Amino acid sequence: MNSAEPVLVVGHKGLLGRALCGVLGSNCETIPERAGRFDLTDPDAVMQAVSQAASSLVINCAGYTAVDRAESEPEKAFAVNAHGAGFLAKACESRGKHLVHISTDYVFDGRKGSPYREDDPVSPLSVYAQSKLSGEIEVAKALPGALIVRSAWLFGHSAPGFVGAVLQKARSEGEVRVVQDQVGSPTYALDLAGALVDLAHRRVQGVLHVVNSGQASRYEYARNAVKLAGLDPEVVRPGLTEDFPSPAARPAYSVLDTRRFSRLAGGPLPGWLDGLRRFFSSQKEESA
């Protein structure tokens, strides 16, 4: 394994993409944006970008991530998450490049009640989840040697996400209600990025679950974030999913089993709460 080998990061401006470029440093290659944003849904543009890239490793963290809006924009969600992912996989196959593609815990319906293994049956509940599953299928069909990484509940720098939304509401309204009947795997983008770089360099194949260790309800997750931000965790009040109607259904339990990753990596990622502490610690250092 050559740890200094450059990696082409597709979607480098997003939460995970920025974390990846931070981990890779000068070995992060991105797609030049000569005329507007790079269009993953244009197969010719994708082929050209992959062909011109110096890197033989590609990590795709681009995606349509507006879960609720996808219910009314299914074509846009599938264009990026499914067909765009497929175009990228075909381009990588054509040019002999290894692809790491990012997917989601939402491909599961949440009814199992115990951590999901890579080979558990999938059953997406929403348009977003269906588009991500279709992306997995298109990638695996076009490039059987690709690595498909499912992760979940990302938090980190450069994007507000769930943590940012909770803190904003806690500060502005003095109270925030959060569901306690959705349980998953909060994951620090920097921890995931480090794991992805290692897996890419080792050219791991197949499907792999990579999240921080442990599990939490959205309510527990929010209380800890508020506390670490220096606010009173009592401002976070529990609620139920049924109290917050939304266009897209979410799995009630989507914790991912990471035993395969642990065997490959020599151990699991740190716990989610440890990651959350480091995230807030780094924020304080940046603002100091």
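User: How many helices and strands does the protein have?

Analyst: The model is a predicted one. Its secondary structure consists of 9 helices and 12 strands.

User: What radius of gyration does the protein have, and what would a compact globule of 288 residues have?

Analyst: Along the principal axes, the C-alpha atoms fill a box of roughly 55 × 40 × 40 Å. For a compact globule with 288 residues, the radius of gyration would be near 19 Å, and the value for the protein agrees with this, at 19 Å.

User: Which strands form the edges of the open sheet of 6 strands?

Analyst: The order of this open sheet is β2-β1-β3-β4-β5-β10, and the pairing is parallel. An edge strand pairs on one side only, and this applies to β2 and β10.

User: In β10, which residue is the bridge partner of Leu147?

Analyst: Strands of a sheet pair through backbone hydrogen bonds, in a parallel or an antiparallel manner. Strand β5, residues 147-151, runs parallel to β10 and is joined to it by 4 bridges. Within β10, the bridge partner of Leu147 is Gly206.

User: Is Val7 buried or exposed?

Analyst: Val7 lies in strand β1. Beyond its neighbours within four places in sequence, Val7 is in contact with Leu24, Asn27, Cys28, Glu29, Ser55, Leu57, Ile59 and His201. Because its relative accessibility is 0%, Val7 counts as buried.

User: How far apart in space are Val7 and Leu24, C-alpha to C-alpha?

Analyst: Leu24 is one of the residues in contact with Val7, and Leu24 is also among the buried residues of α1. In sequence, Val7 and Leu24 are 17 residues apart; in space, their C-alpha atoms are separated by 7.7 Å.

User: How many of the 10 residues of helix α1 are buried?

Analyst: The buried residues of α1 are Leu15, Leu16, Gly17, Ala19, Leu20, Cys21 and Leu24. Their cover includes strands β1, β2, β3, β4 and β6 as well as helix α6. Helix α1, residues 15-24, is therefore largely enclosed by the rest of the structure, the number of buried residues being 7.

User: Which cysteines does the disulfide join?

Analyst: A disulfide requires two cysteine sulfur atoms within 2.5 Å, and the count for this model comes to 1. The S to S distance in that disulfide is 2.3 Å, and the residues joined are Cys21 and Cys28.

User: Which cysteine sulfur is nearest to that of Cys61, and which is nearest to that of Cys92?

Analyst: Cys61 is in no disulfide, and the nearest cysteine sulfur lies 7.7 Å away, in Cys21. Cys61 counts as buried because its relative accessibility is 17%. Cys92 is likewise in no disulfide, and Cys92 counts as buried at 0% relative accessibility. For Cys92, the nearest cysteine sulfur is 13 Å away and belongs to Cys61.

User: Which backbone atoms lie 2.6 Å and 2.8 Å from polar atoms of the side chain of Asn212?

Analyst: Asn212 is found in the loop between β10 and β11, and counts as buried because its relative accessibility is 1%. Beyond its neighbours within four places in sequence, its contacts include Ser185, Asp191 and Trp272. At 2.6 Å from a polar atom of the Asn212 side chain lies the backbone nitrogen of Tyr188. At 2.8 Å from a polar atom of that side chain lies the backbone oxygen of Pro270.

Note on methods:
Residues numbered from 1 in each chain as written. Predicted model: local features only at pLDDT ≥ 70, side-chain atom pairs only at ≥ 80, totals over all residues. Heavy atoms only, no water. Helix = DSSP H or I, 4+ residues; strand = E, 2+ residues; numbered from the N terminus. Buried < 20%, exposed > 50% of the residue type's maximum accessible area, 1.4 Å probe, protein only. Polar contact = N/O pair within 3.5 Å; in protein donor to acceptor, adjacent residues only side chain to side chain. Contact = heavy atoms within 4.5 Å. Rg over C-alpha atoms; globule rule 2.2 N^0.38 Å. Pairing = 2+ DSSP bridges.
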